[in-house]
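Please read the following report alongside the sequence and the model. It begins with the sheet and then turns to the helices, the loops and the confidence of the prediction.

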Amino acid sequence: MSKSAHVIAATQLALMLVTPAFAQNAPGPLEINGQKVLTLVSNDPPGLRCNNNIQVAAELANTFKIPILIYPVSFMPAGTKAPIVWYGGENIAQSGGKLNGMISFTELADRFEVDGVTRQDKTGLLLSPKVHSSFEALKESIKAK
């Protein structure tokens with residue numbers, strides 16, 4: 001084997017050892033009925049960033065008709081670090097990587113708008129004025145702990 005072949009082989013091996021978690025595929029389907037799936041993997045039990053992601057997913061579900069799947073990290077391959085979020089199979093957030101695993105409503109809502117995701121016919125209860133203030137207070141109390 002030539003010296004350059006050894007260098008290429010060593011580089012490939014190093015990349016496989018360093019990036020296996022970041023190359024991980026989304027569990028479950030990437031699309032349901034032609035729509036991209038929002039997939040979350042959360043710690044078991046969920047921590048601050050995982051709770052944030054689940055709350056963002058709930059707000060998104062009250063605004064958009066989007067399939068959402070949530071998996072506990074205990075159902076993932078050994079060594080998986082949560083939280084992780086995929087949209088249509090694209091990794092958009094991961095613990096220790098992109099956004100350190102935490103998503104925001106605004107970023108995803110903007111992405112959904114660009115992708116032409118259908119909006120709910122009426123806003124869900126979570127975003128109604130009576131419920132929304134209590135929901136915001138709940139989110140703040142979780143962040144404070």
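What is the order of the strands in the open sheet of 4 strands? The order is 4-3-5-6, and the pairing is mixed; two strands are taken to pair if DSSP finds at least two bridges between them. Helices (H or I, at least four residues) and strands (E, at least two) are DSSP runs, numbered from the N terminus.

This is a predicted model, in which local features need pLDDT of at least 70 and side-chain atom pairs count only at pLDDT 80 or more, while totals for chains, interfaces and linings use all residues. Residues are numbered from 1 along each chain as its sequence is written, and side-chain values use heavy atoms, with hydrogens and water left out.

Strand 3 (residues 38-42) pairs with strand 4 in the parallel sense over 5 bridges, and V41 has Y71 in strand 4 as its bridge partner.

**Helices**

Helix 2 (residues 48-61) lies across strand 3, strand 4 and strand 5 (84-87), and runs at about 155 degrees to strand 3. Axes here are lines fitted to C-alpha atoms, for helices over the stretch in contact, and angles run from 0 to 180 degrees between N-to-C directions.

The axes of helix 2 and helix 3 (residues 105-115) come within 10 Å and cross at roughly 40 degrees, which makes helix 2 oblique to helix 3. Angles under 35 degrees count as roughly parallel, over 145 as roughly antiparallel, 65 to 115 as roughly perpendicular and the rest as oblique. In this contact (heavy atoms within 4.5 Å), V56, E59 and L60 of helix 2 meet F105, L108, A109 and F112 of helix 3. The residues involved divide into 6 nonpolar, no polar and 1 charged, where Ala, Val, Leu, Ile, Met, Phe, Trp, Tyr, Cys and Pro count as nonpolar, Asp, Glu, Lys and Arg as charged, and the others, Gly among them, as polar.

Helix 2 also packs with helix 4 (residues 129-144), at an angle of about 165 degrees and with the axes 10 Å apart; these two helices are therefore roughly antiparallel to each other. Helix 2 contributes L48, N51, Q55 and E59 to this contact, and helix 4 contributes H132, F135, E136, K139, I142 and K143. These residues divide into 3 nonpolar, 3 polar and 4 charged.

**Loops**

Most residues other than glycine have a negative phi, and most peptide bonds are trans.

N33, although not a glycine, has a positive phi of about 50 degrees, and N33 is found in the loop between strand 1 (31-32) and strand 2 (35-36).

**Confidence**

The mean pLDDT (the predictor's confidence in each residue, from 0 to 100) of the chain is 85, and 83% of its residues reach 70 or more. Over residues 9-22, however, the pLDDT is below 50, and this stretch has 5 contacts in the model beyond near neighbours in sequence. Where pLDDT is low, the predicted coordinates should not be read in detail.
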